[in-house]
Amino acid sequence: MANIRTMSFDAVIVGGGGSGMRAALQLAQSGYKTAVITKVFPTRSHTVSAQGGITCAIASDDPNDQWQWHMYDTIKGSDYIGDQEAIEYMCQTGPEAIFELEHMGLPFSRTEEGRIYQRPFGGQSKDFGKGGQAARTCAAADRTGHALLHTLYQGNLKNETTFLNEWFAVDIVKNADNAVVGVVALNIETGETVYVKSKATVFATGGAGRIYASTTNAHICTGDGIGMALRAGFPVQDIEMWQFHPTGIHGAGTLVTEGCRGEGGYLINKDGERFMERYAPNAKDLAGRDVVARSMVLEILEGRGCGPDGDHVYLKLDHLGEETLNAKLPGILELSRTFAHADPVKEPIPVVPTCHYMMGGIPTNVDGQALTIDKEGNDQVIEGFYACGEAACVSVHGANRLGGNSLLDLVVFGRASGMFIEKQLREGINLKDASEADIEAAMAGLNRLNGSSDGEKASDLRTELQTIMQNYFGVFRRGDYMQEGIKKLEELRPRIENVALDDKSNAFNTSRIEALELQNLLEVAEATAITAEARTESRGAHARDDFKERDDENWLCHSVFFPAEKRVGKRGVNFTLKTREAFEPQVRTY
Amino acid sequence: MLNVSIYRYNPEVDAEPYMQDFKVDTQGKDLMVLDVLEKLKAEDPTLVFRRSCREGVCGSDGMNISGKNGLACVTPLSEAVKKNKLVVRPLPGLPVIRDLVIDMSQFYAQYEKIQPYMINNSPAPAIERLQSPEERAKLDGLYECILCACCSTACPSFWWNPDKFIGPSGLLQAYRFLADSRDTATEERLANLDDPFSVFRCHGIMNCVQVCPKGLNPTKAIGHIRNMLINSAT
């Protein structure tokens, strides 16, 4: 049965979004045989939807800007469970990574001086929170993700990276030492299954926002990397931490960038009141995303929501004037007119907090090496296995990501992973070959699916899963609700494992892909649910009605979910900075 | 009930393509065409189409909707339905893999031909290369291309010579780099385009402009390239 074709590479990157293509570029530039496995053509990856920008202290808007201030903001934003060493690395290396992108041709917007245009975003400050609002987010109008992703694809074309476009990675292949030695992948166009063998396997598989019914995420954000890692028995970290973006378009879920508020837009309730002044007197609409999202939900719950059902609020932009809107936020005008039937030049956009970003993921060190925890509680590197971007938890976002930091995370840690693997390849990587049985093990799930004879429809099961997550694990959480949600997921598991695949054809069979994606969604949802229930405090995006306070005594730590026992463990947060003393946890106000 | 007619072809089952009729209950809502396809796929999982962002920026779901190329996710029924009927076919002119999914290799090959990346061999500065807002403004209307192929597959010249004519999308990108003040390979780029087919097969039909879901104007960009080619020859 395991008699399938093998393709061999020095490095295989699973995922063709920002972090994957940045890692691939690094490796292709140094001449290593590198392949990107991507289930969609690379420029269709979800990075393309990023709008507002990439936050980085390049000192364009303010010549005295310092990366240390960005570091402070990010640590505070993370509610102090972001790893300070990783945040320091990201903020310090960031400018170099941004300038590289610019040199590759990224069409950033410009200032009069010809430098990269930067706009204010939420949670940004000068002088360690004491110097007022900073403008630190580098932007290409409101299409920064699109510009970045296309530039990276172009860079990879120039450097002749091998792309396995419209290939779907099914499961991880592990050798006798439990090291990762590639993946089993499916060519979507032909249906052929191949063992893609590699000395280094990088998961850059992005997020999983599709576990929720209402999300800004693309259809393809199904947590495939997280699902594969969990099925392989590897742990995930801080997976209960899901960011709800304050401004998803009501009904459609499509994202409206925080850059709208950065450019001077603000939220109003049904009375026309700018309510964020009450919740965050200093930063107002530019407080952390978790803070703004919760404030919006409270407004709605207390009867001050807008619309006939009072179930959303408004984002007001018309006071900025048509000229500014056309120049700075052209994509938002287009999206609002299309999906909200509202022209922001004249009327406000109906918005509601919408699932946006997975702060958790595969735990890694700064070099992108995936980690597990041994019996003594020590970090242990998983040989051959790396992760970067949204799929990874390095962790620079902790319990709440700041706007504009995801694109920086992608390029900085895509690059860092690539550089580290380059070094390892130079020094020589020797992993045992996978046996027939090892490959067979990675084929098991697919074989079972291909043999399915009854079962329920993937689309029905997916809707059920998304509804459970939306109802029991949303912006506000409560222990008894979550326990009920966990039970419902338990009931759902055998049904999803037995999902129907009536169409057994090979040519571009998207039913098969959707069934596999559904199984990945389930893994992410279950890990989220169990971990969320276990974290008995409120921190960052994780807000509990039954544990309203942050509990530093017990929970100033990462959660680690171990799939085999479905157990939640703890892992220490890194508080070791190279350049200064660490930032001690403070009460977080904006 | 909305009448929907969809192009079907599964190479493993069907001897030839056919149009299949469905009825969809839209509950009176002005859904996007993609929403209708998702509803149909829930009923008939064998229906195949590409989709990703569902907001018009990834370019996955280009298709021919009631006779006009466009993105299913941002085309509302109110624009696409005529006499209570929606007709969906794959983008024309390229081989069909299955149902609404076409083989885009030829389209991508033309994109790769124009060297779609910045060329500037001078040593990079320690910061960004400076560019004035006016210079940067020249890239507006060019860099936003999402490679959905709606334009090139609406172009008769591309249908006749898909291997030799770059097509509107590729040429728009060619001009995106020619117009960039940071790119230094203008001569090389023009030399690569200077043959009877690459650019000059454009006959100004402007189907590309009519269908571009991002409101871009490849014909105008092609005009600029023509002028550059003519000027560089004299």
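The model is predicted. In it, 60 residues of chain A are in contact with 59 residues of chain B. The two chains bury about 4900 Å² between them. Among the residues at this boundary is A:E102, whose side chain has a polar atom 2.8 Å from the backbone nitrogen of B:R129.

**The interface between chain A and chain B**

- Of the area of about 4900 Å² that chain A and chain B bury between them, 51% is on carbon and sulfur atoms.
- On the chain A side, A:R44, A:H103 and A:H219 lose the most area to chain B, and together they make up 15% of what that side buries.
- Seven salt bridges are counted between chain A and chain B.
- One of these salt bridges joins the side chains of A:R143 and B:E144, with 3.8 Å from N to O.
- Four helices of chain A, namely α3 (84-103), α4 (144-158), α10 (330-340) and α15 (510-534), each supply at least two residues of the side that touches chain B.
- Helix α4(A) gives the most to that side, with seven residues.
- Sorted by class, the side of chain A that touches chain B has 22 nonpolar, 23 polar and 15 charged residues.

**A:E102, a buried residue of chain A**

- A:E102 lies in helix α3 of chain A.
- Is A:E102 buried or exposed? The relative accessible area of A:E102 is 1%, so A:E102 is buried, the cut-off for buried being under 20%.
- Leaving out residues up to four places away in sequence, A:E102 touches A:F108, A:R110 and A:I116 in chain A, and B:E128, B:R129 and B:R182 in chain B.
- With A:R110, the contact of A:E102 is polar and runs from side chain to side chain, at 2.7 Å.
- With B:R129, the side chain of A:E102 has a polar atom 2.8 Å from the backbone nitrogen.
- A:I116 is 14 residues from A:E102 along the chain, and their C-alpha atoms are separated by 8.8 Å.

**B:S52, a buried residue of chain B**

- B:S52 lies in a loop of chain B, between α1 (33-43) and β3 (62-65).
- Why does B:S52 count as buried? B:S52 counts as buried because its relative accessibility is 1%, where buried means under 20%.
- The residues that B:S52 touches, not counting those up to four places away in sequence, are A:R44, A:A218, A:H219 and A:I220 of chain A, with B:C58 and B:S60 of chain B.
- Two of these contacts of B:S52, A:R44 and A:H219, are among the chain A residues that lose the most area to chain B.

- Strands of a sheet pair through backbone hydrogen bonds, either parallel or antiparallel.
- Strand β8 (residues 180-187) of chain A is mostly covered, as eight of its eight residues are buried.
- Strand β7 (residues 167-174) of chain A runs antiparallel to β8(A), and six bridges join the two.
- In this pairing, A:I172 stands opposite A:V183 of β8(A).
- The hairpin of β7(A) and β8(A) has five residues between the strands, and A:N178 there takes a positive phi near 70°.
- Strand β9 (residues 193-203) of chain A is joined to β8(A) by five bridges, again antiparallel.
- A:V184 has A:Y195 of β9(A) as its bridge partner.
- β8(A) and β9(A) also form a hairpin with five residues between them, where A:G191 in the turn has a positive phi of about 85°.

**An open sheet in chain A**

- Three strands of chain A form an open sheet with antiparallel pairing, in the order β3-β5-β4.
- Which strands are at the edges? The edge strands are β3 (54-55) and β4 (118-125) of chain A, each of which pairs on one side only.
- Four bridges join β4(A) to the antiparallel strand β5 (residues 133-138).
- Across this pairing, A:P120 stands opposite A:A135 of β5(A).

**The build of chain B**

- Chain B has nine helices and seven strands.
- The C-alpha trace of chain B spans about 60 × 35 × 30 Å along its principal axes.
- Chain B has 234 residues, of which 58% count as buried.
- Among the contacts in chain B with a separation of 6 or more, 65% are between residues 24 or more positions apart.

Methods: Residues numbered from 1 in each chain as written. Chains lettered and ligands numbered in written order. Predicted model: local features only at pLDDT ≥ 70, side-chain atom pairs only at ≥ 80, totals over all residues. Heavy atoms only, no water. Contact = heavy atoms within 4.5 Å. Buried area = accessible area lost by both parts, 1.4 Å probe. Salt bridge = Lys/Arg side-chain N within 4 Å of Asp/Glu carboxyl O. Nonpolar A, V, L, I, M, F, W, Y, C, P; charged D, E, K, R; others polar. Buried < 20%, exposed > 50% of the residue type's maximum accessible area, 1.4 Å probe, protein only. Pairing = 2+ DSSP bridges. Polar contact = N/O pair within 3.5 Å; in protein donor to acceptor, adjacent residues only side chain to side chain.
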